Amino acid sequence: MPPLHGVGVLVTRPELQAMPLCRLLEIQGANTLRLPAIEIKALKERRALAEKLGPLENFDVVIFTSANAVRFGVSMLDQKRDLNLAALGGATARALNQAGYRVAIQPRDSLDTEGLLNDPRLEHVAGHRILIIKGRDGRQLLQQELTQRGAAVMCADVYERVPAIPSEAALAVVQERFAAGEMHVITATSLDIGESLLKLTTSELRAEFERVHWLVPGERVAAGLRALGLQAPLLEADSAEDQDLVAALVHWRSSVSGA
């Protein structure tokens, strides 16, 4: 019997990112239900942004912060294959590789911002010009720390996250599945997603959400959800990578079954 047989998981990632995770969960026996809590939308000021940045060859490092940054910003590379590229996380690196670009800086031990900043190739960057291609209103830690280390940092916002507005019918299905006891875990792979999910719930659904486990990628998101008032039990994965999320659920399930 698959390790997640009988486990219902509400997957709240944007639609395109949700499908691969759902497939992996279903392979392990889980029943999945999708309710995107945020949407990803491209920003349109591409020409003005390109003029502001100038030739990308003038940057010592170009950092992509997410797979969505690659999706909406890879065209800025203009098929230049000799740029010094850095990727925040495995999904970002894979997206660059699939687009035909080689990633020069990709930490192995930690897949978050802190892991990238700990890479020795970004330790001594005084006098370097660094470009960060990212989403609007994301974490500021990367820019702040590299600037503090003496780098001249520019940011290119190529997409934005906006709260999703699910239909009443979609919310009714979610309410029905939770009320029937068919859902046991909610994914919140970023604090943005968790916050948006909590805001779109009815009081009845919020009560259901407090009775199940939430799967989050580490302590930072966990602490952020607690600050928002969530009291539900939390399961912490090693990262927001699909395989780490599934591994955390499998481990939890096996520990519960063996108790």
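**View 1. F64 sits across from A87 of strand β5.** Strands here are DSSP runs of E with at least two residues, and helices are runs of H or I with at least four, all numbered from the N terminus. This is a predicted model: local features need pLDDT of at least 70, side-chain atom pairs count only at pLDDT 80 or more, and totals for chains, interfaces and linings use all residues. Residues are numbered from 1 along each chain as its sequence is written, and side-chain values use heavy atoms, with hydrogens and water left out. Strand β4 (residues 61-64) runs parallel to β5, and 3 bridges join the two. Strands count as paired if DSSP finds at least two bridges between them.

**View 2. Zooming out gives an open sheet of 5 strands.** The order is β3-β7-β6-β4-β5, and the pairing is mixed. β3 (38-42) and β5 stand at the edges with a single partner strand each, so one side of each has no neighbour in the sheet. From one strand to the next, the twist averages 25°. For angles like this, axes are lines fitted to C-alpha atoms (for helices, over the stretch in contact), and the angles run from 0 to 180 degrees between N-to-C directions.

**View 3. L77 belongs to the largest nonpolar core.** A nonpolar core is a set of buried Ala, Val, Leu, Ile, Met, Phe, Trp, Tyr and Cys residues joined through side-chain atoms within 4.5 Å. Buried means under 20% relative accessible area, exposed means over 50%, and partly exposed is in between (1.4 Å probe, protein chains only). Of the 51 residues in this core, L77 and W214 touch the most other members. Helix α8 (residues 191-200) gives the most to the core, with 4 residues. Skipping neighbours within four places in sequence, L77 is in contact (heavy atoms within 4.5 Å) with L56, V62, F64, L83, L85, L96 and Y101. There's also a second, separate core of 18 residues, and V9, A248, L249 and W252 are among them.

**View 4. D78 and Q79 are in the loop between α3 and β5.** D78 has a phi near 55°, positive even though the residue isn't glycine. Q79 does likewise, with a positive phi of about 65°. D78 is exposed at 52% relative accessibility, and Q79 is exposed at 53%.

View 5. N68 counts as buried because its relative accessible area is 10%. Leaving out residues up to four places away in sequence, N68 touches Q17, I40 and Y159.
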